[in-house]
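Hi,

Here is the structure I promised to pass on. Have a look at it first, and my notes on what turned up are just below.

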Amino acid sequence: MVTGATSASGRLRRARFTSRLVVDVVVVLGVALVTGGLARSMTVMQWVPGTRTQDILTLVAAAIGAGAAILAFMGSRVLTDPRPAWFSAALTMYCLVVLPWTVSALAAQQSPGMRLSRLVAYATALALFALALRPPRRLGMWGGWVILLVGGLLATAALRLVQWTGPVATIVASTLATVVVLAGWVAVAVLYVIDAFRRQSTPRARIGLGLVVLAAGQLYRVVAGAPQDLVFPVLRVVGLVVIMIGLLQLVQRSLGDLHSQNYEQQEELSEAALHMERAMSVAAERNHELRNGLAGLAGVTHLLSAESGGADHARLRQAVLAELSRLHTILDGSADAADELAEPEDYLVEPMLDGLVRLRRARGGEVSLVVQNGLRARGDSAVLAQVVTNLLANCERHAPGAPVAIRAVEDGGKALIEVRDQGPGLPAGAEEEVLRRGARDESAGGTGLGLYISAQLLEGQRGSLALRSVHDPAGCVATVTLPAVDATLPVSDPLSR
């Protein structure tokens, strides 16, 4: 199924490429025929001076080619792709070395040295165009420019043959050199069109079409025997314009692909950052809870080793075991899985709060507890235990030695658990900020994450946490809200688990 879908997608892509290529061929052919026909028209030739116009068109072609060379080089640097750099070197050789030889003042000079210099420049440009399709890796991005420099030096050295005669003059003046140049242009144009088909690249196909137009201009010049009309200069301008358009689209598309890759990488980095933030938050939460839990158990174990027994002793022992079980769950990392996978349970609020209060009292804290008879909440009992532990730890940290009152009642289908201390309270307007981001008090110690973690845990239980400062006596009240359960339904004691 996947193979068939991939094959169909490939056929559709090839069909689209072929249709765009046909349109491009028709447009370029139409432009070339129209401009070539106008350039050959006797009426046009009467309006413009032929020699001067040829030189102007040659300079225009050189300027367009130089602009295309700069664009290709900049694209190569941005995309770190050596192929545009080699193509830039080929355009530079063609536009800044080959084309100047065709202006009327130099073309009129037919010395063997100048002809040989032009042929060397032609050969260097054609070789660079061909190598730009697949540059040698060892030569890298600057290899084309090295070949350009060598070719330029050879073309300059060929000028020394201006006084030579004999075999050099015969070879240069023969039609063989012209045929080789023409065959080279045709071969390079065909190679670029084939490469475009292989890569299914419309911009590369347009570059190939531009080279085809240049080859057509060379062919017209050879067949017509160096005519005085403007067909060859006009076709050269058209070909270089098409090449410029192809390069613009190639660089634009490559930059678009690069932007898309960067966007995808940024998305992946953002996702990784979120996972890291979540992992750090979980680690901070577990560290905070383990610290609070161990602090609550410190100093209690010696009471359990006493010989005296009784109901209070057993109840305290049961509370310690429940707290150790909760800390063990946090340490194992199974609390997160429980939050996501476990079904909500109904549990009695009083036994859990009583166990936590007993642990606090065993450490010398003054805590009072009032719980509505039969009050039950729905959710995970470990979450309520963790939240109340955090609240008691905050009371001990920010209001050491001050009495704490815990009251739990049902109100409108909600279980409300209030923890009130007699400390300094919160600064005015700071309640929401503390719950949203946490607040670290350097003088009191701690991580500053307890209230923030508690609020996040309660949201997962369809509950909430609210803070407010009170007076008479002064202090802070933390109100935990959880879904309440009908007291007539059966329930399990969380401390028995």
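**Salt bridges first**

Arg83 and Asp81 join their side chains in a salt bridge, 3.0 Å from N to O. Both partners are tucked away: Arg83 is buried, and so is Asp81. Before you go further, please keep in mind that this is a predicted model.

The structure holds seven salt bridges.

Another one to click on is Arg198 with Asp195, where the side chains meet at 3.1 Å, N to O. Both sit in helix α9, three residues apart, or about one turn of the helix.

Asp346 is buried, with a relative accessible area of 17%, and Arg378 counts as partly exposed at 32%.

**The sheet**

Which strands make up the open sheet, and in what order? There are five, running β2-β4-β5-β7-β6, and the pairing is mixed. The edges are taken by β2 (367–371) and β6, each with a single partner strand, so one side of each has no neighbour in the sheet. From one strand to the next, the twist averages 15°. If you zoom in on β2 and strand β4 (residues 404–411), you'll find that they run parallel and are joined by five bridges. Ser368 stands opposite Ala405 in β4.

Helix α4 (residues 82–98) has 17 residues and reaches 23 Å from its first C-alpha to its last, close to the 24 Å expected at 1.5 Å a residue. Of those 17 residues, 14 are buried.

In α18, seven of the 10 residues are buried, so the helix is largely enclosed by the rest of the structure. Among the buried ones are Gly450, Leu451, Ile453 and Leu457.

Most residues other than glycine have a negative phi, and most peptide bonds are trans. Here are some spots that go the other way:

- Gln200 has a positive phi, near 55°. Gln200 lies in the loop between α9 (175–199) and α10 (202–224), and is partly exposed with a relative accessible area of 21%.
- Arg462 is not a glycine, yet its phi is positive at about 60°. You'll find Arg462 in the loop between α18 (450–459) and β6, exposed with a relative accessible area of 60%.
- The peptide bond from Asp472 to Pro473 is cis, with omega near -5°. Pro473 is in the loop between β6 (464–470) and β7 (475–483).

**On the surface**

Val23, Val27 and Val31 make a nonpolar surface patch of about 240 Å². Val23 is part of helix α1 (residues 2–40).

Lastly, take a look at Arg134, in the loop between α6 (112–131) and α7 (143–158). Arg134 counts as exposed, at 64% relative accessibility. From Arg134 to Asp195 is 61 residues in sequence and 10.0 Å in space, C-alpha to C-alpha.

Cheers

Key
Residues numbered from 1 in each chain as written. Predicted model: local features only at pLDDT ≥ 70, side-chain atom pairs only at ≥ 80, totals over all residues. Heavy atoms only, no water. Helix = DSSP H or I, 4+ residues; strand = E, 2+ residues; numbered from the N terminus. Buried < 20%, exposed > 50% of the residue type's maximum accessible area, 1.4 Å probe, protein only. Patch = residues over 30% accessible without salt bridge, like charges linked within 9 Å, V, L, I, M, F, W, Y side chains within 5 Å. Areas by Shrake-Rupley, 256 points an atom, 1.4 Å probe, with all protein chains shown as cover. Salt bridge = Lys/Arg side-chain N within 4 Å of Asp/Glu carboxyl O. Expected span 1.5 Å × (residues − 1). Pairing = 2+ DSSP bridges. Axes fitted to C-alpha atoms, helices over the stretch in contact; angles between N-to-C directions.
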